[in-house]
Each structure stands twice: as structure tokens, then as C-alpha cells.
Amino acid sequence: MSNVKKLMMTAAGGDALSVEDLYATHLWRGTGTSNSSTQNIINNIDLAGEGGLVWIKSRDPKDHFLFDTVRGATKYIRSNTTDGESSPAEDDLSAFLSNGFTVRGDNNTNENGIDHVGWTFRKAKNFFDIVTYTGTGSIRTVSHNLGVTPGSIWVKNISRSGEGWRIYHRGMNNGTNPQNYYMMLQSSNTFASSTPTWNDTAPTASVFTVGTETGVNYNGDSYVAYLFAHNDGNGTFGPTGDQDIIKCGNYTGNSGFQEIDIGFEPQWLLVKATDDSNSTYARWAIFDTMRTWAAPPYNAYELNPNTYNNERNGYSNISPSHTGFTLNDGAQQTNSSGKYIYIAIRKGPMRAGDTATNLFGIDNSPTSASGGQPLFTVGFKTDLGVYRRKNTTASWNWVSRPVDRRILISNSTDSAQSSGSDRHTFHNGFTDSATVSDYWGLGWAHSPGFFDSVHYRGTGSSTGTNTFRHNLGVKPEMIWIKRTSASSAWMVWHKDMNYSSGESYTNKAFMNLNETNGVTLSSNYWSYNGNPQMTTTHFSLGSTYSETNNTSSHYVAFLMASLDGISKCGGYAGNGSDDRTIDCGFSSSARMIMIKETTNSGNWWMWDTERGITANNTDPSAAFNTTSSFTALAENQYNSSVGFVEPDSSGFKVSSASQVNGSGRNYIFWAIA
């Protein structure tokens, strides 16, 4: 067995650990009204049993507070100061839990009505480790349990104030002898050479070396060290036990557009210029997809580990991408003509969900609402939300994590529209809005085998097939694409686009979500010369069509697949019979059904159990492509004898209505249990 494979630790059920076991960004609104006020933060990371680091920052002007299980709850150090360790009687993290942690007090970590973020790193080989040691004043080695050579090491003297953080990073000095240099986390200063810090000695898979400098090794002083791994094809994570989840890398800026390929889509990123000390543009900067880190126009909400400042927006034109992150024109903090280091953590989850209600939810808006809470509560972190007014003419609003704080409209070709209230900054729903009357919403979560959303920048290439990475983990069975940076039609591909003619037809077929048109043929939308490459890791697009792959345009792609017992993407040939069962392999009736005829024109019909899927002809229909009210689209408007769809224990039933089962017509569907 290789040394890398020996490192593999397992999660519940015997699978290799996945990123969702080891890292979490969690947001909460403080509830503290007294020194004894507590709030449990549930992020499903086992800190009590496995140990780790919790880094907390108010999104208002406050210090950064770092707590770890080795030093113990209630003891913190701060990334933006040179102070030593503090152990106050309040305003701290008071307990580590098997599924998160507890905050206490009414100020630093739990101030009433104030939004906070917590970044949690669990200890695990090949990911993260924590070490404490006592200085000797002479050159020494410090043992660690990371199991691989660290990509970055952060050391803090916790005995005394006035000693700043010392940071080692494998990418410092462009990766040439990085052990000869250090940086300070509490400062925007450039990297500096110093033999006394690491003794010019590279770390190994079992130890790192400290010299005689007070910041790392003063005789009798106590120190804590945080060690981050660097996966470069040696990752031991995910269901297959061989995937990377953390990168410690470097790059050189060019002041223009640049894509940094790290091999996966990140959910958390720390960036620092190493050769620029400008206090505005060379700060340490943290981005994460929970606080809004989205596709251009540059919705990058950052926090700076070296400052007390509140959360900032608009200074760093940086976006996550399907293969890493992009540095957009004028990205001042992250892409001047300088050198940078970064730490990135992979987007999750990596394991497929096993419960439909944790992946898809439906909710009606409340009768009243206040800011800071989701308008639609579905019980899980929502990556795509769709909502509209029910019983009046209204547009369909689509809000997704890659295009956060903006709206897409499925009955329109419009580009993404700005909307500060349409946020994905909640753990149990989506959209923060005071407009509540008569609204209804649907929410989806990312999960391998079920649903993924990807932001990408068009290449405009006219030769060959353009492939883009996704995290679906299986071959996509349906893809919806919308250009976000300009007006364009919604494009849809489905594996059963023409149920009777086979794959050769489907490879060239498309429909428009915002239109009623049936299937249209074109050789080059999904590939060059009609040979798409839809794989477990990539989807393919053709050449220069503005709807899918225009040069420098920005797009979001929604990818769906069939997950046993939870979702089904399929097709069928209509036979004109009533009470026909469409078996989806579910153990109960579908909660959401979408059906679209491909042979002729027709609406993108959908039904859900919140509004009603019953054995009668009065269920309110909906159509993603029209603004008509649900009442106007009621089934009995079209079919007076039976409903379009009815419940069935394995999926759903369809009637003989031409909209869902006309003889000689073909249909595609998407159903969720």
C-alpha cells in the first residue's frame, strides 16, 4: 500500500473522508443579550471527537478570533493583532461539539442582531493539523501529524504580546526555497527573508524546523502552529479516496483576465500578494461562497485577516470557476502585475445525498417577514432557488449561488438582474426580502448524482469541442444554460430530447426554456460537428453561439441527473391513454414534476405537492416559460375530465391530454420524490 493511501481516514459507513466532513463555512446572526447567552452553531463537523480550528469574524468591524481544540475552548488568538492568547469569561467560543460549536456572550462571537461567519477546519491527515510546543531558544524540530509535507504553516507565540504571526507557504518566492522566507498574517507587508525563522530548512511529512527567532522559538514561550496540506494528485478524499480537496499554490498576476486552474471548484480561498505591501490592495483576503463569491460583475465579498474591518465588496474582481478561480480585468487586490500565494478548499459535497427532502424543498412565503431571514425556508443550504407570485401575472425569478444577489428570469431572455435581497447566505433557505404576499418557491441543493450549477466564461472557440468541468459525479442527463452577462435565450439539452430517434438526434437537438418551441436541430450547440462529450466530469459545448459559448461572455449551467429513489430525468412516447404510470423508481409519489413536449410546441409544464398533485382535474399548473397566474393555468382549463398528472407510488401518472401524453408525440420529464 502506498504512503498516500495509508493516510486515508474514513467517514461514517467506511467511505473515505470528503470535504464536507472536514471543512464548513457557517453564517449566523448573533442572539446574545447577556454574558451568559449561548447559541449552538451546527455545521456537522465533529470537533469534539476529532479536533480542529474555528475561525470567527463578525461581518461588522471586529477582530478575527481563532479557537482550537488543542488549546481548548474559551481561549482565543487574533489574526489581526500581535497579542498573545486570551481567555475571557465571556464573548467567546465556549464548547466544541460533535456537530459544531457553541458561542457565548453578547459581543465578539454572538452580538445580538449582528451577522457572523465561522470557518471550521477539522484535523485530518493530508488536510489540516494543529500542534502546540514550547520554545527552546535553539534550533529544533517540531513533530506534526499531517502525514504529508505541509503546504503552509502558521505559527503564533501565545505567551506574549508584540510577536506577530509567522507564515510559511510553499509558493513564497515563486516556490524557490520558500523555507528561507516568511510573512505575517496580521500585516500587509511583503514576504521577507529570515534564516532564524525556519532555519532555511524545508518541512517534511513528519516535522518542521524552527530557528532562534522569538516569533517561533523563544525559550520557555508557548506556541501554536496550524498546518495546511497541499494536494497535488495525491488527495485521499471523496467516495473514490483519491481526490484533492486543498491547494496551497502561487501565481503571477498580469493585470488582465486570468484563470488559475487548481483542478477543482473552490468554496473558500485565501489570497495574499507577496511582493506588494499596499494597505488597500495587498491585504490578506478571504472569499467564500456562503457570503457571496459569485460570477462577474464582481460580487466578491471579502474579509481581511490582517484588519479589524467590516466585510468589503467590490475591491477584488475575482470569481470562482469550474476549475479554480478567475481574475477579471482590473482585479486590484488579486491581479496586479505581482506575485501571489493562495490556499483553496474544494467545493462540496462530494458524497451523494440520500434523502430527497434534504435536496429539494417547496415553501410558501410567510404573511410577514423581516430582514436577515430567508423568505423561503426549505431546511437546507440552497444552491438554486426559483420563486414567483402564485395567483397573478408574474415573472419567474431564478437565484443561484454562482450568480448570487442577481436574478435570472426563465420567461425572458434578459441578462442577470441585480437584486441585493436575493441572497444565498442562509443555511435553511434562500432570498432575504420584505415582499411576501402570495409568493411560492422551490429550492435545490448541490449533490453528486442529483444537481450541480457551474459558472463558466465562454471561449468562443470555433474549432473542436469545448469541455467544461462539473461536480455532478455522473453523466448529466439534462443541462439548462443561461448567459448572465447579456441577453440570450435559455438553452436546454436533455438525453431524451427525441425519445424515438435515439442519441444521434439528441446530440444535435435543443429547446429554449423561455419559449414553447419543440426540438430544433443544430450541429454545434453541444459540440463541434454534433459529437458531444457529456462525461462524469465534463460537459461539452460547440463553437461561437452567443447562447452558450460567446467569447468572454459569462454563463451559468444547471446540470441534473437521475439519483436512485430521489430524482428521475427521462422521456416517453405518448400513447393517448388515461391513467398511464410513469415509473421513476420512487417509493412514494413525486413532489415535483416537469413535462415538456418535444415533437410540437408546448409549455414547460410543472406541478408540485405544495400547490397540489391530486387525483382530480383541479390542480394548479405552472409553466416556467410564461407569466400567467397558476389559476389561469389550472388543469381544468385545458382538460375537463381528468388531471394532467396524478400521484402514483412509484412516480406519477399522466392522462391522455396532448400536453402530457398525446398519441404519436414525444415528451421529456424531470421528477423529484
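Two strands pair if DSSP finds at least two bridges between them. Strands are DSSP runs of E with at least two residues, numbered from the N terminus. The model is predicted: local features need pLDDT of at least 70, side-chain atom pairs count only at pLDDT 80 or more, and totals for chains, interfaces and linings use all residues. Residues are numbered from 1 along each chain as its sequence is written, and side-chain values use heavy atoms, with hydrogens and water left out.

**Sheet.** Strand β35 (residues 478-483) pairs with β36 in the antiparallel sense, over four bridges. Trp480 has Val492 in β36 as its bridge partner. Both strands belong to an open, antiparallel sheet of four, ordered β33-β40-β35-β36. β33 (451-457) and β36 (491-494) are the edges; each has a single partner strand, so one side of each lacks a neighbour in the sheet.

**Aromatic pairs.** Rings of Phe, Tyr and Trp (its six-membered ring) pair if their centres lie within 6.5 Å; planes under 30 degrees apart count as stacked, over 60 as edge-to-face and the rest as tilted. The count is 55 aromatic pairs. Two of them are tabulated.

| Pair | Class | Centre to centre | Plane angle |
|---|---|---|---|
| Tyr251 and Tyr342 | tilted | 6.2 Å | 35° |
| Phe287 and Trp293 | stacked | 5.9 Å | 25° |

Tyr251 lies in strand β16 (residues 246-252) and Tyr342 in strand β24 (residues 339-346), so their pair ties together parts 91 residues apart in sequence. Tyr251 and Tyr342 are buried (under 20% relative accessible area, 1.4 Å probe, protein chains only). Phe287 is buried at 0% relative accessibility, and Trp293 is buried at 1%.

Methods: Buried < 20%, exposed > 50% of the residue type's maximum accessible area, 1.4 Å probe, protein only.
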